[in-house]
Amino acid sequence: MDDQLTLCEDNLSCPICCDIFRDPVTLKCSHSFCQECLQKYWKDLEVLLCPVCRKNCSSEEPTLSLAFKSLCESLKRTNRAFQPDQQLCPLHEEKLKLFCFDDKQPICVICHTSKKHKNHVCSPIEEAVEDLKKEMENGISDINQSLNILKKTKHDLENMATHIETQAQSAELQIIQDFEKCYQFLRKEEEAKLVALREEKEQKHRDLDSRIERVHGEITTLSETVDRVKIQMESDDILFLQNYYSNPERLKCSTPKSEDLSGALINMAKYVYPLNHELWLQSFYPVCSMTLDPNTASPKLIIADNLTSLTYTEEKQTVPDNPERFHIGVLGSNGFTAGRHSWDVEVGDNDNWTLGVVRQSIKRKQYLEMQPDSGLWSIRFTRGKHRAGVKASTEFNVAKRPTVIRVLLDYEHGEVSFSDPSANMTLYSFTDMFTEKLFPYFNTTSLKCPLRLFPLTVGKS
């Protein structure tokens, strides 16, 4: 039957508009056209021609055939019977003007008064489309928000991967330089550390690559969802409403969780920290009991000289904003939960520094309050005065400005003290009760000279 309809349509189609004839007319050359199509075709012609055979015609020539017209209208009715109008109600053949939210389908006015839709919530088609499109726009907004979060996460992960590469290169260069000075008896130790560094670097990269690939996949999925929804929104109103509830899960999107990047960077101190104590007694470098952890350093602090030198710079460095990093200051590489520990810091002519210890749980992404209640036990030198960090900042007098500060932590006795080792004089002491791991804390905002860690024998831990 479909083939017969197609054949009829081919024989009863206007050569100009390629549709079934509307008010068909016939020229003397026997070619037929829609009356309107022929007049439009002749409109700009000085000499009237047949659109098919190009023979000359006159304006009186087109002849209207009522039988031909009746045949074409009959074919149109037959087509409508086989291809129902989507704008009409299939039950009542009335125009679809309402949308039933209970049954989630377009209905006509007769349907609305029927028992099937009694007490159902209905609204005009136009209003329903407007409301549902607003709902979809809100869904797209939520998805775009999730996309932005995922894109930022992907960007942060990629920056982390780049920084890990820089760290690995820096650590490898430092390792090679150190081992060159005592290469003969440290060859085995050097190779072991380089292998460990490279393995950790590769592991860090594998972990980050996996995270980046997963986030990229989520971005692709959400992007494709947005594209599909946008295409659906551009479709015919009725088709849009008929398809709207076919996939109710399409706009549901949980907000991506922030990536936990703790421990993502390379543990620099593990590789740059001086090697086995007995081996280093034979080498050219003195043993330093404490080094700085660059993964915790503020972007305006530069760590150098085997992780023992701290320099302030006014230009903010490009480093990952990993969870361990402080907004201000830097931690020592070792944390303590027991024992007595001390380290010496050369302050020299530095005119703005802070030294002390902090709790591991201290908030790192904000300015630190210089007092024990916030988790910081410290002293500071600024504007030519020494101050201790307590609730009311306490100034203490020093007969002679020290160039080296010794920090002593006695965990069990709850004591943190600061002294001038050259004068054998205590500058200030805190007494408290410690309940979690404590880390050495350092900071400077002076451009005069860096802070430097001095070699010192560590007490028992």
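Trainee: What volume does the second largest cavity have?
Mentor: In this predicted model, the second largest cavity has a volume of about 40 Å³, and a search of the whole structure finds two cavities of 30 Å³ or more.

Trainee: Which residues line the second largest cavity?
Mentor: The lining is made up of L292, T308, L310, V345, F442, L451, R452 and L453; by class, six of these residues are nonpolar, one is polar and one is charged. Strand β19 (residues 451-454) supplies the largest share of that lining, three residues.

Trainee: OK, and F442, what does that residue touch?
Mentor: Leaving aside residues up to four places away in sequence, F442 touches M290, L292, L310, G329, V330, L331, G332, W343, V345, T354, L355 and L453. Together with W343 and L355, F442 touches the most other members of the largest nonpolar core, which has 75 residues. The largest share of this core, 17 residues, comes from helix α5 (residues 125-181), and a second, separate core of 18 residues includes L12, C29, F33 and L48.

Trainee: Switching to the backbone, what is the phi of N306?
Mentor: N306 is not a glycine, yet has a positive phi of about 55°, and this residue lies in the loop between β7 (301-304) and β8 (309-312). N424, also not a glycine, has a positive phi near 55° and lies in the loop between β16 (415-420) and β17 (425-431).

Trainee: Is N306 buried or exposed?
Mentor: N306 counts as buried because its relative accessibility is 17%, under the 20% cut-off, whereas N424 is exposed, with a relative accessible area of 74%.

Conventions: Residues are numbered from 1 along each chain as its sequence is written. This is a predicted model: local features need pLDDT of at least 70, side-chain atom pairs count only at pLDDT 80 or more; totals for chains, interfaces and linings use all residues. Side-chain values use heavy atoms; hydrogens and water are left out. On a 1 Å grid over the protein atoms alone, a cavity is a set of points where a 1.4 Å probe fits but cannot get out, and a pocket is an open set with protein on both sides within 12 Å along at least five of seven lines; lining residues have an atom within 4 Å of a point. Grid points are joined across faces, edges and corners, and a volume is the space filled by probe spheres set on the points. Helices (H or I, at least four residues) and strands (E, at least two) are DSSP runs, numbered from the N terminus. Ala, Val, Leu, Ile, Met, Phe, Trp, Tyr, Cys and Pro count as nonpolar, Asp, Glu, Lys and Arg as charged, and the others, Gly among them, as polar. A nonpolar core is a set of buried Ala, Val, Leu, Ile, Met, Phe, Trp, Tyr and Cys residues joined through side-chain atoms within 4.5 Å. Buried means under 20% relative accessible area, exposed over 50%, partly exposed in between (1.4 Å probe, protein chains only). Contact means heavy atoms within 4.5 Å.
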